[in-house]
Amino acid sequence: MANPKLGRIPSMRERVEDTLSAHRNELISLLSRYVAQGKGILQPHTLIDELDNIIGEEESRLKLSDGPFGEVLKSAQEAIVLPPFVAMSVRPRPGVWEYVRVNIHELSVEQLSVSEYLHFKEELVEEKIDGRLALELDFEPFNAHVPRPNRSSSIGNGVQFLNRHLSSNMFRNKDSLEPLLNFLRAHKHKGHALMLNDRIQSVSRLQSALAKAEDHISKLPPDTPYSDFEFVLQGLGFERGWGDTAQYVLEMIHLLLDILQAPDPSTLETFLGRVPMVFNVVILSPHGYFGQANVLGLPDTGGQVVYILDQVRALENEMLLRIKKQGLDITPRILIVTRLIPDSKGTTCNQRLERVSGTEHTHILRVPFRSEKGILRKWISRFDVWPYLETFAQDVGNEIVAELQGLPDFIIGNYSDGNLVASLLAYKMGVTQCTIAHALEKTKYPDSDIYWKKFDEKYHFSCQFTADLVAMNHADFIITSTYQEIAGTKNTVGQYESHSAFTLPGLYRVVHGIDVFDPKFNIVSPGADMCIYFPYSEKEKRLTALHGSIEEMLYNPEQNDVHVGTLSDRSKPIIFSMARLDRVKNMTGLVECYGKSTKLRELANLVLIAGYIDVNKSKDREEIAEIEKMHNLIKEYKLDGQFRWIGAQTNRARNGELYRYIADTKGVFVQPAFYEAFGLTVVEAMTCGLPTFATCHGGPAEIIEDGISGFHIDPYHPDQTAEILVDFFQQCKEDPSRWNKISDAGLKRIYERYTWNIYSERLLTLAGVYGFWKYVSKLERRETRRYLEMFYILKFRDLVKSVPLAAD
C-alpha cells in the first residue's frame, strides 16, 4: 500500500470554496441568515446557533457542520455583516489568524489581509470612507530579526526559548562567546567592578583564569569565606560577585566553564540568574489609593495593591539572599512609586515616603499629579489620569535619582498607566523594563475598539489602548499570571492577543500590534502572603482572638452601613465571596443566582464582602449602579435570614482568619466574575484550605483543576452554577470526606505553583536573562523605540488633550 502523502493544510478561503461546491444550498441558506440580521458584528455563539436554523435535510446540515466550513465556523471569533458581504475573522489556534470574505450575491470568496479586513470593518461606523490612507501601525518589520517559537503551546515560555536560542548560538559559533565576556566585564556597582577586572581581555584568558581559580579553590574547605582567597582571585582577574564561600564560587566557575565548552539552556539560565545585576528596583503603580492600611475597597484600589505589597516583600528577601550568596556587601532598595494624594481620606496617601512593613529596604515613594493649574488634590479615576502622566514621569525620574543616588537597575510597570510611565522612564534611563498588565481593559468591554467613540467620553479608551500598545512594545519582557492573559483558550481570545490587530476608526488601525509568540512573554504566577493566608487546619497559628469581631461582622442583627441582612440558621455552611463592587466582578450576579435557587438557599447561607452599602458614600459610577442593584435583589428575593452583605474590609489579617472561619463551617469560596485576569482571592481562599468555585473566564480556569482542586463555574449560566454548588453541598452531607478531599487538593495545587518564593526567584532570573539578551544581541530595539517615540508624540499627546483635567 502506498504511503499517504503529507499535504498542506487548506486555507480558510479554500475551505469555504470547497463547501460552496459541495453544499451550495445549505451554505447560501446559512450566509443569508447572517445577512438578514443586517449590518453589524455577529459573535461566535450566533454564528453557531444559526447553523441549526438552516433549511434542508438533517443529513446535509451535519455535513456542513462536520465538514471544512464547520471548522471555519468553530474557529471564527466574529463576523462582519455588510450586505451582501459576510467577512469572518478566523482563529484556527491561539495566536494565528486568517480573514475571509464571502459575497453571497456573486458566491465569490476572497482571502483578506489584516489591513483589508480592518478597513472593511470600519465601514460599520464610517458610512463614507474616502480614499485617503489611514494611519496603520505595524510593528512586525521591527521584530523580523527576533527569534520566536511557532507552537501555540510555547507561548508564555519566552525565557526557555531564549535560553535555547542563545546557548545554541554559542555552541555553533564560538565568536558569540565574546559578548558574554564583555557582558561580565561591564558589571559595576557605584563605580566598583564586579565579576571581572582588566586582567581578563579575551575568552581564552578567561578560560585559563577559570581553570587556575578552580584548581586553587577546590583545595579549600567548602565553607571558606571569599575574603580568605579574594586576593588570589583578584590577581587572576576576578572581582567580587562570584560567591560568598569557596563552594558557591566553585559552582559559578563550573557553570561558566560548561557554558564556554558546551553551552546548554539550563546551565546558561542558572549562571545568568546568579550574576549580580539587580540592586535597585523601581515599581510603578500610579492610580488609586496606594497604601498599606484603610485603602482596600476604595475606588480603583484592590488586588493590584495587595499584589505589589506581597511582591516587594518576597522580592526583597530574594534580593538579600542572592546578594549574600554573591559575596557582596550591598544594600538593595525597592521603591514603589505611586501618586501622592493630598486629600487622602484618612489614609497615608498624602505622605511622600513610607516604609513597607515587613521589609527593611522597601519604601512607597509618592509623587503628586500636577498640571498648569497646580497640584491635583483629590482622587481621580484610573480612566482620567492620562493628562498627568508625562509630567508625572518627569517628576518621578528626578525623585528616583535623588532617592537612590543614581539610576535603578530594573523598572517594573503595573496596569496601563504604570506601564506607560515605566516606558517613559526606561527609555530615558536605558534600564531593563518589565511590564505587568494585571488587566487590559480592551477585552473587558466588547467592541470597545470599533465603537471607541461611544466609550471615550466616559473611559477614554483611545488613550488607554494607545498607552498599552506603547508599553507592551517598549518593554524588554512581559510577565503575566496565566497563559490565558496572553493567548486565551482554544475558543477565547487572550488579552494581549486582542491587541495584535484592531482598529479605532478615524484614529488609526493596528495591523500588527503585538505578537503573542514573541519571546518577551513569560508566565510568572503570584501567590498569597503565607503569613496571613495559611490553612485552617494549622490550629496553633489561628488568630482566635479575632473570632469575636468576625462573629460580630457575620451575625450581629443590627442593620447599618457596615452590614445588612441576617443569617437565621448558623448551622448551615457559608458560601463566601469578596471583591470590588463593579459590573465585571459580578457580585450581584452571584446574589441573583443564589436568590433564584431554592435548594441552594436551603443548604447554605451566602455572605459577601463588597464595596459600600450606602450608595451616597460612593463616587464610582459603576459601583453606584451595583449598590442600587444589590439592594433591589435583597428585596426581590426576600433574602433576609439567609444573606449577609458586609462593606469592604481592609484588615487583611482578619480577612485571612475569615477565610479559615468560613472553612470551619465547611463552607466554600465563590469567585463569579465575568472575567478575571488572574484571581488573587482564589489563591488566598485555596491557601486557607477553602474549597473554591471560580469563573471559567480568565486566570482561575488555570489555577483550579476542575473537579480536582476546585470547580469551574460559568457566570453566563447562573443556573448551572447553582447546580454545581448544590451538588457539592449534597455530596458533602452524604460523605463529609468530600469537602476535605477538595480542600487538600487545593492546597497541593498552591504549594506546587502559586507561592511568592517561586515568583520572586523567577522574576529576578528573568531580569538577568533579558538583561543579558539585550546586551549580547545589541537588541536595544532602537528602531522600534524611535517608531514608538514618533507615535507617542504625534498621536498620544493629541489624544490626551481630549481628556479634561479634573477640578478640585
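These are my notebook entries on one predicted chain and a few of its local features.

**Ground rules.** I am working with a predicted model, where local features need pLDDT of at least 70, side-chain atom pairs count only at pLDDT 80 or more, and totals for chains, interfaces and linings use all residues. Residues are numbered from 1 along each chain as its sequence is written, and side-chain values use heavy atoms, with hydrogens and water left out.

**Entry 1: the whole chain.** I began with the secondary structure and found 30 helices and 27 strands. Here helices (H or I, at least four residues) and strands (E, at least two) are DSSP runs, numbered from the N terminus. The radius of gyration is 29 Å, close to the 28 Å of the globule rule for 808 residues, so the chain is as compact as a globular protein of that length. That radius is taken over C-alpha atoms, and the rule is 2.2 Å times the number of residues to the power 0.38. I noted a span of about 85 × 75 × 70 Å for the C-alpha trace along its principal axes.

Next I looked up burial: 60% of the 808 residues are buried. Buried means under 20% relative accessible area, exposed over 50%, and partly exposed in between (1.4 Å probe, protein chains only). Of the contacts with a separation of 6 or more, 71% join residues 24 or more positions apart; contact means heavy atoms within 4.5 Å.

Entry 2: I went to Pro83 and Pro84 and found the peptide bond between them cis, with omega near 5 degrees. Pro84 sits in the loop between strand 2 (76-82) and strand 3 (85-93).

Leu107 is not a glycine, yet its phi is positive, at about 55 degrees. I placed Leu107 in the loop between strand 4 (96-103) and strand 5 (108-112), and its relative accessibility of 27% makes it partly exposed.

Tyr415 belongs to helix 15 (residues 415-429) and is buried, at 4% relative accessible area.

**Entry 3: helix 14 on helix 15.** From Tyr415 I followed helix 15 to its partner, helix 14 (residues 389-404): the two pack at about 55 degrees with axes 10 Å apart. Axes are lines fitted to C-alpha atoms, for helices over the stretch in contact, and angles run from 0 to 180 degrees between N-to-C directions. The pair is therefore oblique, given that under 35 degrees counts as roughly parallel, over 145 as roughly antiparallel, 65 to 115 as roughly perpendicular and the rest as oblique.

Ala, Val, Leu, Ile, Met, Phe, Trp, Tyr, Cys and Pro count as nonpolar, Asp, Glu, Lys and Arg as charged, and the others, Gly among them, as polar.

**Entry 4: helix 25 on helix 28.** Helix 25 (residues 680-687) meets helix 28 (residues 737-753) at about 120 degrees, with axes 8 Å apart. I put this pair down as oblique too. Val683, Met686 and Thr687 of helix 25 touch Gly746, Leu747, Arg749 and Ile750 of helix 28, a set of 4 nonpolar, 2 polar and 1 charged.

**Entry 5: Glu485.** I finished in helix 19 (residues 483-487), where Glu485 lies. Glu485 is buried, at 2% relative accessibility. Leaving out residues up to four places away in sequence, its contacts include His438, Tyr496 and Tyr675. His438 is 47 residues away along the chain, with 8.7 Å between the two C-alpha atoms.
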